Amino acid sequence: GTVRPLDGTNDAVAVSDMGAFEYSGGIPHSTLDPDDGMWRSGPVTVTITSSDDSTGSPPTVYYRQNGGATTTYTVPFSVTATGTTTIDYWGVDDVGNVEPTNTASIRIDEAPPVTTDTAPSGWQTMPVDVSLSATDDLSGVALTEWWTMGSPVPQPYMGPVTISAEGITTLYYRSTDVAGNVEATKTVDVLIDYTAPDANDDCPAGWQQSSFFVECSATDALSG
């Protein structure tokens with residue numbers, strides 16, 4: 001603890017001359033909000049509160065960000081930098097007791113994930129498995145979803161999506177990161193044609209007595 005004369009002069013006078021004494025046996029206790037370590041998708045307002053039951057007076061609070069300059073805390077402040085900002089903070093009471101340094105991390109991720117697909121280009125003649133891959137450089141990927149017009153309810157991506165319907169199937173997909181940023185929906189068309197072309201000719205039936213031209217034509221309703 002700390003002993004000092006109540007007259008506040010802090011002079012080295014004899015005990016008989018100093019009169020009554022004030023004794024502080026505790027240290028300040030400071031808390032920071034938010035201090036949950038969670039990722040957030042935008043600027044964060046930081047509030048620090050501090051108390052000292054021994055003196056009854058509000059301690060003076062100091063803080064620094066990422067090991068930078070020490071600042072006296074007076075009002076809530078905003079953290080805007082993306083990534084992790086480390087905040088050290090502590091209180092000092094009016095008799096000089098210094099609280100051990102506290103540390104908190106403020107994490108901000110404002111960018112959505114990026115998702116890619118493996119859908120082949122062009123027409124295919126068999127079912128297609130489409131894999132989705134998502135990345136997020138900061139908070140990480142929390143969820144990837146996909147759906148089609150035939151199955152419009154978003155489904156959590158658990159593995160390759162099999163497209164087997166003949167024709168053109170549009171696959172929709174997106175990802176969400178841990179901070180809550182949602183990627184803009186992406187689409188890719190999967191083209192499948194199981195049916196062979198339909199060929200026709202105008203060759204006359206039976207035996208012919210002279211040469212003639214035969215015109216052939218073919219149609220394909222899907223891939224052409």
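How many bridges pair β18 with strand β19 (residues 186–192), and in which sense do the two run? I looked, and β18 and β19 pair in the antiparallel sense over seven bridges.

**Ground rules**

I'm working from a predicted model, where local features need pLDDT of at least 70, side-chain atom pairs count only at pLDDT 80 or more, and totals for chains, interfaces and linings use all residues. Residues are numbered from 1 along each chain as its sequence is written, and side-chain values use heavy atoms, with hydrogens and water left out.

For my own reference, strands are DSSP runs (E, at least two residues), numbered from the N terminus, while helices are H or I runs of at least four residues. I call two strands paired if DSSP finds at least two bridges between them.

**Strand β18 and its partners**

I checked burial here (buried is under 20% relative accessible area, exposed over 50%, partly exposed in between, with a 1.4 Å probe and protein chains only). Strand β18 covers residues 167–177, and eight of its eleven residues are buried, so it is largely enclosed by the rest of the structure. Strand β15 (residues 141–148) runs antiparallel to β18, and seven bridges join them.

Trp146 stands opposite Tyr173, and in β19 the bridge partner of Tyr173 is Lys186.

**Trp146**

Trp146 lies in strand β15 and is buried, with a relative accessible area of 18%. I listed its contacts (heavy atoms within 4.5 Å). Leaving aside neighbours within four places in sequence, Trp146 touches Leu132, Val153, Pro154, Gln155, Pro156, Tyr157, Val161, Leu171, Tyr172 and Tyr173. I also took one C-alpha to C-alpha distance: Trp146 and Thr187 are 9.5 Å apart in space and 41 residues apart in sequence.

**Nonpolar cores**

Next I went through the cores (sets of buried Ala, Val, Leu, Ile, Met, Phe, Trp, Tyr and Cys residues joined through side-chain atoms within 4.5 Å). Which residues touch the most other members of the largest one? They are Leu32, Val46, Ile48, Phe77, Ile87 and Ile106, out of 14 residues in that core. At least two residues of this core come from each of β5 (44–51), β6 (60–65), β8 (77–79), β9 (83–92) and β10 (102–108).

Apart from neighbours within four places in sequence, Ile48 is in contact with Thr31, Leu32, Val61, Tyr63, Tyr73, Phe77 and Tyr89. There is also a second, separate core of 13 residues, and it includes Tyr157, Val161, Val188 and Val190.

**Ring pairs**

I counted five aromatic pairs in the structure. Rings of Phe, Tyr and Trp (its six-membered ring) pair if their centres lie within 6.5 Å; planes under 30 degrees apart count as stacked, over 60 as edge-to-face and the rest as tilted.

Tyr63 and Tyr73 have ring centres 6.3 Å apart and planes at 70 degrees, so I logged the pair as edge-to-face. Tyr63 lies in strand β6 and Tyr73 in the loop between β7 (71–72) and β8, so the pair ties together parts that are ten residues apart in sequence. Tyr63 counts as buried at 10% relative accessibility, and Tyr73 counts as buried at 13%.

The rings of Trp147 and Tyr172 have their centres 5.8 Å apart and their planes at 5 degrees, so that pair is stacked. Trp147 is in strand β15 and Tyr172 in strand β18, so this pair links distant parts of the chain, 25 residues apart. Trp147 counts as buried at 12% relative accessibility.

I noted one cluster too: ring pairs link Tyr63, Tyr73 and Phe77.

**Salt bridges**

I found four salt bridges, each being a side-chain nitrogen of Lys or Arg within 4 Å of a carboxyl oxygen of Asp or Glu.

- Asp36 and Arg40 meet at 2.8 Å, N to O; Asp36 is partly exposed at 41%, and so is Arg40 at 26%.
- Arg64 bridges to Asp88, with the closest N and O atoms 3.3 Å apart. Arg64 lies in strand β6 and Asp88 in strand β9, so the pair ties together parts 24 residues apart in sequence. Arg64 is partly exposed at 24%, whereas Asp88 is buried at 14%.
- Lys186 bridges to Glu183, with the closest N and O atoms 3.3 Å apart. Buried or partly exposed for Lys186? Lys186 counts as partly exposed at 28%, while Glu183 is buried at 6%.
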